[in-house]
Amino acid sequence: MGFVSSERMGPTGIGHTLEKWLNISENNLPIPDIGGRTEIKATRNTTNNLITLFTFNRAAWKVHQAEVVKRWGYFDAVRNRQALYSTVSALAANPQGLQAYLPDDSEMVCVIDSKTNEVVASWDLFNIVGKFMSKFERLLLVHADVRQREGREEFHFNQAHLLTEPNSKQFRDSFMKGKALIDIRMHLKPSGASRNHGTGFRVYEKDLPNLFGSRIDLMSP
């Protein structure tokens with residue numbers, strides 16, 4: 001079809017446009033898009049944005065969450081509160097001194113204080129993969145070239161891959177290479193209690209294939 005006009009302004013226009021042309025109804029349900037089996041992600045070839053795969057907090061925090069915000073957080077003058085909205089990578093400590101760490105002798109990913117090695121939170125990699133597979137067991141990843149025409153984006157969807165077989169080794173490698181990241185998103189309420197908006201596990205769009213064991217090109221001759 002070549003280039004088609006975006007059906008919506010803004011960053012979500014590419015996904016909305018692809019779903020429109022595939023006759024898929026938009027929904028916010030925590031299940032895959034196509035028949036409850038295959039999730040769809042569309043990405044612009046000109047960008048490499050971070051996307052949130054899922055949020056996961058259950059039984060992760062080894063330090064009380066309010067204490068985490070007090071010790072490693074900062075004062076948000078705009079909202080007049082102590083907060084900790086911070087991205088954590090395995091490659092280096094972030095400005096708050098937090099870093100992702102994967103012990104050699106276990107299938108865990110941890111957030112630690114880079115100076116003291118204190119474990120702040122930890123997740124079992126198999127649980128992470130299980131959470132991921134609940135929505136991304138099969139992923140249709142579609143790429144598009146982009147151009148501007150009369151103030152509106154146009155997309156040429158010209159690459160598509162079916163990604164399957166996610167596993168803990170792929171996740172471990174992605175964390176070690178700094179391609180999978182952890183987003184901490186919490187603050188203190190006036191009462192002093194913590195408010196956690198969900199710890200996000202994120203990857204760059206172009207690194208999504210690294211999380212899967214199988215990649216099938218759907219548009220090769």
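Predicted model: local features only at pLDDT ≥ 70, side-chain atom pairs only at ≥ 80, totals over all residues.

Tutor: Residues are numbered from 1 along each chain as its sequence is written, and side-chain values use heavy atoms, with hydrogens and water left out.

Student: How many helices and strands does the protein chain have?
Tutor: Helices (H or I, at least four residues) and strands (E, at least two) are DSSP runs, numbered from the N terminus. The C-alpha trace spans about 55 × 45 × 30 Å along its principal axes. The count for the chain is four helices and 14 strands.

Student: What percentage of the 221 residues count as buried?
Tutor: Buried means under 20% relative accessible area, exposed over 50%, and partly exposed in between (1.4 Å probe, protein chains only). For the 221 residues of the chain, the buried share is 45%.

Student: Of the contacts with a separation of 6 or more, what percentage is between residues 24 or more positions apart?
Tutor: Contact means heavy atoms within 4.5 Å. Residues 24 or more positions apart make up a share of 62%.

Student: Which elements do the buried residues of helix 1 pack against?
Tutor: Helix 1 covers residues 13-21. Its buried residues are Gly13, Ile14, Thr17, Leu18 and Glu19. They pack against strand 1 (4-5), strand 2 (39-44), strand 9 and strand 10.

Student: Which element gives the most to the lining of the second largest pocket?
Tutor: A pocket is an open set of points on a 1 Å grid over the protein atoms alone, where a 1.4 Å probe fits, with protein on both sides within 12 Å along at least five of seven lines; lining residues have an atom within 4 Å of a point. Helix 1, strand 9 (138-149) and strand 10 (152-166) each supply at least two lining residues. With five residues, the top contributor is strand 10.

Student: What is the volume of the second largest pocket?
Tutor: Grid points are joined across faces, edges and corners, and a volume is the space filled by probe spheres set on the points. For the second largest pocket, that gives about 260 Å³.

Student: Which of its 15 lining residues are the closest to the centre?
Tutor: Ala, Val, Leu, Ile, Met, Phe, Trp, Tyr, Cys and Pro count as nonpolar, Asp, Glu, Lys and Arg as charged, and the others, Gly among them, as polar. The lining divides into twelve nonpolar, three polar and no charged residues. Closest to the centre are Met1, Leu18, Leu22, Val142 and Phe157.

Student: How many residues apart are Trp123 and Phe201?
Tutor: Rings of Phe, Tyr and Trp (its six-membered ring) pair if their centres lie within 6.5 Å; planes under 30 degrees apart count as stacked, over 60 as edge-to-face and the rest as tilted. Trp123 and Phe201 are edge-to-face, at 5.2 Å centre to centre and 90° between the planes. Both are buried. Trp123 is in strand 8 and Phe201 in strand 13, and the separation is 78 residues.

Student: Which residues do ring pairs link into a cluster?
Tutor: The structure holds eight aromatic pairs. The cluster linked by ring pairs consists of Phe54, Trp61, Trp123, Phe175 and Phe201.

Student: Is Glu150 buried or exposed?
Tutor: Glu150 is in the loop between strand 9 and strand 10. Its phi is near 55°, positive in a residue other than glycine. Because its relative accessibility is 81%, Glu150 counts as exposed.
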